[in-house]
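Dear colleague,

Please find below the structure that I am handing over to you, followed by an account of what was found in it.

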Amino acid sequence: MQLSVWTYEGPPHVGAMRVATAMEGIHYLLHSPQGDTYADLLFTMIERRDKRPPVTYTTFQARDLGKDTSQLFQTAALDVVERFAPDAMLVGASCTAELIQDDPAGLIENMGLPIPVIPLELPSYQRKEHWGAAETFYQIVRTLSDKSRRASDREGRRPLVNLLGPTALGFRHRDDIVEISGLLGKMGIDVNVTAPLGACAADIARLGEADFNIVLYPETGDLAAEYLKREFGQPAVRTVPIGVGATKDFVREVADLAGVDPEPMLKEGLSRLSWWSRSIDSNYLTGKRVFIFGDGTHAVAAARLASEELGFKVVGLGCYNREYARDVRAAAKLYGVEPLITDDHLAVEQAIEDAQVELVLGTQMERHIAKRFGIGCAVISSPVHVQDFPARYSPHMGFEGANVIFDEWVHPLVMGLEEHLLTMFRDDFEFNDHAGASHLGPGHSAPVKEEVLAAPANDTEAVWSEDAQRELKKIPFFVRGKAKRNTETFASEQGVSTIELATLYEAKAHYAR
């Protein structure tokens with residue numbers, strides 16, 4: 001077993017929590033020990049929800065293991081029905097409770113509860129969070145959808161669609177739904193049900209009334225969409241509308257199934273990203289090296305946008321959820337890079353360092369990694385932290401989402417360029433380290449904390465002269481580390497004990513050959 005200070009995905013019952021918390025009138029009874037009760041922290045602190053998640057724990061303790069923990073579970077189930085009066089209840093076990101094999105599904109089966117009960121079999125030691133969310137949503141749809149409901153004759157009405165996949169704790173899901181719903185409305189298409197986020201049991205019952213489904217988040221919505229296709233004959237749109245190009249493809253695919261004309265929407269030009277990409281200002285970002293890592297869907301979408309619409313060079317691409325490894329491998333082949341399929345953040349950190357990138361697009365973990373390396377970073381995927389649930393409207397899907405992405409991805413590079421220029425001109429009378437803030441006018445100075453290179457670890461390592469140190473600082477920050485390592489390696493090979501200015505230039509010439 002590998003211990004880690006970070007995990008990209010929790011166990012599958014966390015995925016079930018995300019679905020239950022996203023919905024209305026659904027309660028999740030989790031057979032778990034005391035200490036596994038972290039749902040409140042996840043949803044009220046990180047996502048800043050204004051109400052507690054609908055999760056109840058049995059919270060058995062060590063002393064209970066010698067007794068009948070199954071009775072504890074059944075008592076908790078009765079308490080949930082009496083206290084919360086949910087429309088339906090999910091039941092399952094946490095990874096710890098799974099070891100005592102109480103079988104929540106069997107325990108609940110003969111209790112005769114007055115509401116639908118959906119047992120969840122979520123193998124904690126074989127599967128992870130995204131799979132748990134997808135399986136939970138699938139079981140809810142399978143149990144609560146009304147098999148007798150079908151789409152009515154299209155004559156005289158607007159097309160109806162279901163939006164599938166958004167959950168609680170999802171990256172920008174709330175705003176993506178608003179953006180895509182508005183886009184569909186402009187096309188003359190109505191949303192029948194959005195689920196799981198914001199849906200209740202009655203909404204799930206009428207899923208079959210839609211003409212087709214739109215899978216916005218495949219990691220959560222794919223299993224349910226496949227079931228709805230089998231049961232109701234509903235086709236599904238699986239193009240994820242992230243970026244201008246993908247949004248246009250999405251509009252055409254939706255229009256084809258809905259029988260509407262996509263051209264009026266496509267001619268509106270609702271995104272500024274396309275205009276900027278054609279402008280002279282975009283040239284200084286062309287070819288910037290970008291490393292992309294996240295869930296499979298967002299990583300693949302980000303790679304297309306970065307390469308085709310912003311002119312970046314994709315030098316790394318990967319995902320942590322192995323269920324979507326095939327999609328990531330296919331995308332990586334397009335950009336000529338080796339796909340990175342791993343849930344080990346240390347392997348991701350090493351890959352970022354080796355690729356010598358100028359921008360990282362990733363999760364909250366990659367933000368930490370990029371900060372350590374002094375590289376710009378934008379978050380594109382869960383897992384995320386509280387700062388990735390902004391109060392403002394900030395989608396990543398649709399045409400407005402492309403505008404938001406442009407701002408979030410380009411600004412780290414612009415600021416990085418600014419930092420590089422300030423470094424280059426640090427000896428200038430106005431921009432040197434001892435100059436005060438420009439808005440204070442002349443005569444103001446600022447205390448300076450000089451950057452000092454680490455002392456040699458032993459007598460065999462070379463030391464840097466003051467001239468060489470100053471020259472090293474003029475090298476752009478995003479490649480300075482590589483230049484320092486190369487120079488020290490060159491000095492070691494040449495038997496040089498003190499790195500002078502000439503040594504730095506000789507090393508540069510050596511590695512340029």
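Arginine 289 stands opposite lysine 313 in strand S10. Strand S9 (residues 289–294) and strand S10 (residues 313–319) pair in the parallel sense over six bridges; two strands count as paired if DSSP finds at least two bridges between them. Helices (H or I, at least four residues) and strands (E, at least two) are DSSP runs, numbered from the N terminus.

Please note that this is a predicted model, in which local features need pLDDT of at least 70 and side-chain atom pairs count only at pLDDT 80 or more, while totals for chains, interfaces and linings use all residues. Residues are numbered from 1 along each chain as its sequence is written, and side-chain values use heavy atoms, with hydrogens and water left out.

S9 and S10 belong to an open sheet of five strands, ordered S11-S10-S9-S12-S13 with parallel pairing. Strand S11 (339–341) and strand S13 (376–379) stand at the edges; each has a single partner strand, so one side of each is left without a neighbour in the sheet. On average, neighbouring strands of this sheet are turned by 20° against each other, direction ignored.

Helix H12 (residues 296–308) lies across S9 and S10 and runs at about 160° to S9. Helix H15 (residues 364–373) lies across S9, strand S12 (359–362) and S13, at about 170° to S13. Axes are lines fitted to C-alpha atoms, for helices over the stretch in contact, and angles run from 0 to 180 degrees between N-to-C directions.

Elsewhere, the axes of helix H6 (residues 173–186) and helix H9 (residues 244–258) come within 12 Å and cross at roughly 50°. H6 is therefore oblique to H9 (angles under 35 degrees count as roughly parallel, over 145 as roughly antiparallel, 65 to 115 as roughly perpendicular and the rest as oblique). In H6, Ile180, Leu183 and Leu184 meet Thr247, Phe250, Val251 and Val254 in H9.

Threonine 56 lies in strand S2 (residues 55–57). Threonine 56 is buried, with a relative accessible area of 17% (buried means under 20%, exposed over 50%, partly exposed in between, with a 1.4 Å probe and protein chains only). Leaving out residues up to four places away in sequence, threonine 56 touches His27, Tyr28, Leu29, Leu30, Val80 and Phe84.

Cysteine 319 is buried, at a relative accessible area of 0%, whereas cysteine 200 is partly exposed, at 23%.

Yours sincerely

Note on methods: Contact means heavy atoms within 4.5 Å.
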